[in-house]
Amino acid sequence: VCSSDLYMDAVQKATGVHVTPMHLVGRASAKVFSTMPGLNGRVVFGRFLSSPTVDGFFVVSLRTAPVPGGEAVATDLSGAVVRRVDEKTPWQIATELTERADLIRHDEDPLFKQTKMMVKNLPPMTLRLVTDLIGFVTESLQLPIPFLGLEGRPYGSFLVSNVGTYGLDAVFAPIPPFAHPPVTILVGTITDKVLAVDGEPAVRPVLPLAFVIDHRFVDGYQAAAMAKVFREYLSDPAGSDPLPVTPRRSR
């Protein structure tokens with residue numbers, strides 16, 4: 001994480017874009033799915049249906065800070081999918097997500113508005129039936145529903161939620177039944193921990209990650225392979241995504 005911290009600072013200086021651990025984790029997740037294509041898809045009637053691209057869904061809160069009481073209960077979570085996330089750098093991911101999050105929070109995102117309106121107008125008795133049907137078509141079959149303005153695979157290949165934004169160290173969440181992502185990653189708060197470094201105790205910043213996996217896709221061996229990719233990328237993100245070089249102006 002120490003290298004990641006330095007990398008995030010360097011990215012902001014070079015690009016002006018604020019990159020967070022969530023963006024790095026999303027980029028690492030994309031590398032996992034690129035190297036392990038057997039994860040990138042859905043199970044339909046007991047058979048694996050592969051996905052054409054590697055896409056990541058990032059959870060977005062409609063509030064940027066925690067609130068107490070009834071306001072917290074009434075606060076919604078939404079999110080945005082980044083298509084072809086394996087082909088994008090952390091600062092490109094951050095830029096795209098910032099733009100989408102701003103639209104969602106100002107109720108200007110057309111997909112979010114359409115979905116919210118549809119859910120609000122459905123009778124409670126039919127809500128689950130309709131959402132299950134929509135989830136089957138858009139997620140399991142990976143097909144769009146044009147007349148509803150819904151795209152195929154709205155939750156992408158994996159789901160990332162930055163629970164660390166609200167000061168939580170580690171959280172485990174169930175797999176959303178309507179989304180069906182094979183892997184969900186929850187990003188906690190970076191905190192200082194005492195670790196053994198070269199046989200001596202040392203204080204280092206630690207980024208806690210919690211993984212929720214669908215065992216139809218992942219077993220212990222694949223999980224170990226995933227962890228290796230995450231460690232390699234987060235320990236040296238610049239090795240995979242070098243900082244952009246700003247051209248010098250001619251005098």
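A residue is called buried when its relative accessible area is under 20%, exposed when over 50%, and partly exposed in between (1.4 Å probe, protein chains only). The structure is a predicted model, in which local features need pLDDT of at least 70 and side-chain atom pairs count only at pLDDT 80 or more, while totals for chains, interfaces and linings use all residues. Residues are numbered from 1 along each chain as its sequence is written, and side-chain values use heavy atoms, with hydrogens and water left out.

Of its 251 residues, 39% count as buried. The accessible surface comes to about 14200 Å², and carbon and sulfur atoms account for 60% of that area, as computed by the Shrake-Rupley method with a 1.4 Å probe, where for residues only the protein chains shown count as cover. A contact is defined by heavy atoms within 4.5 Å. Among contacts between residues at least 6 apart in sequence, 64% join residues at least 24 apart.

Helix 2 is mostly covered, with 11 of its 15 residues buried. The buried residues of helix 2 are Met-22, His-23, Leu-24, Val-25, Gly-26, Arg-27, Ala-28, Ser-29, Ala-30, Val-32 and Phe-33. From first to last C-alpha, helix 2 reaches 21 Å, close to the 21 Å expected at 1.5 Å a residue; the expected span is 1.5 Å times one less than the number of residues.

His-23 belongs to helix 2, which covers residues 21-35, and has a relative accessibility of 6%, so it counts as buried. The side chain of His-23 reaches the backbone nitrogen of Thr-20 at 2.9 Å. This falls under the definition of a polar contact, a pair of N or O atoms within 3.5 Å; within protein, one must be able to donate a hydrogen and the other to accept it, and residues adjacent in sequence count only if both atoms are side-chain atoms. When residues up to four places away in sequence are left out, His-23 touches His-18, Pro-90, Ile-93, Ala-94 and Leu-97.

Nonpolar cores were then examined, each being a set of buried Ala, Val, Leu, Ile, Met, Phe, Trp, Tyr and Cys residues joined through side-chain atoms within 4.5 Å. The largest has 36 residues, of which Val-19, Val-32, Leu-39, Phe-158 and Val-160 touch the most other members. At least two residues of this core are supplied by each of helix 1 (2-15), helix 2, strand 4 (77-82), helix 4, strand 5 (158-161), strand 6 (183-187) and helix 7 (220-235). Helix 2 gives the largest share, seven residues. Apart from this core lies another, of six residues, among them Ile-134, Val-137, Ile-145 and Leu-150. In soluble globular proteins, nonpolar side chains tend to be buried together. Val-19 touches Met-8, Val-11, Leu-24, Pro-90, Trp-91 and Ala-94, not counting residues up to four places away in sequence.

Rings of Phe, Tyr and Trp (its six-membered ring) were paired if their centres lie within 6.5 Å, with planes under 30 degrees apart taken as stacked, over 60 as edge-to-face and the rest as tilted. The count comes to five aromatic pairs. One of them, Phe-33 with Phe-158, is tilted, at 5.3 Å centre to centre and 40° between the planes. Phe-33 lies in helix 2 and Phe-158 in strand 5, so this pair ties together parts that are 125 residues apart in sequence. Phe-33 and Phe-158 are both buried. The rings of Phe-48 and Phe-217 have centres 6.1 Å apart and planes at 75°, and the pair is therefore edge-to-face. Phe-48 is in strand 2 (residues 47-50) and Phe-217 in the loop between strand 9 (209-213) and helix 7, so the parts tied together are 169 residues apart in sequence. Phe-48 is partly exposed at 42% relative accessibility, whereas Phe-217 is buried, with a relative accessible area of 11%.

Most residues other than glycine have a negative phi. Arg-84, not a glycine, has a positive phi of about 50°. Arg-84 lies in the loop between strand 4 and helix 4 and is partly exposed at 41% relative accessibility. Gln-142 likewise has a positive phi, of about 60°, although it is not a glycine. Gln-142 is found in the loop between helix 6 (124-140) and strand 5 and is buried, with a relative accessible area of 12%.

Technical notes. Helix = DSSP H or I, 4+ residues; strand = E, 2+ residues; numbered from the N terminus.
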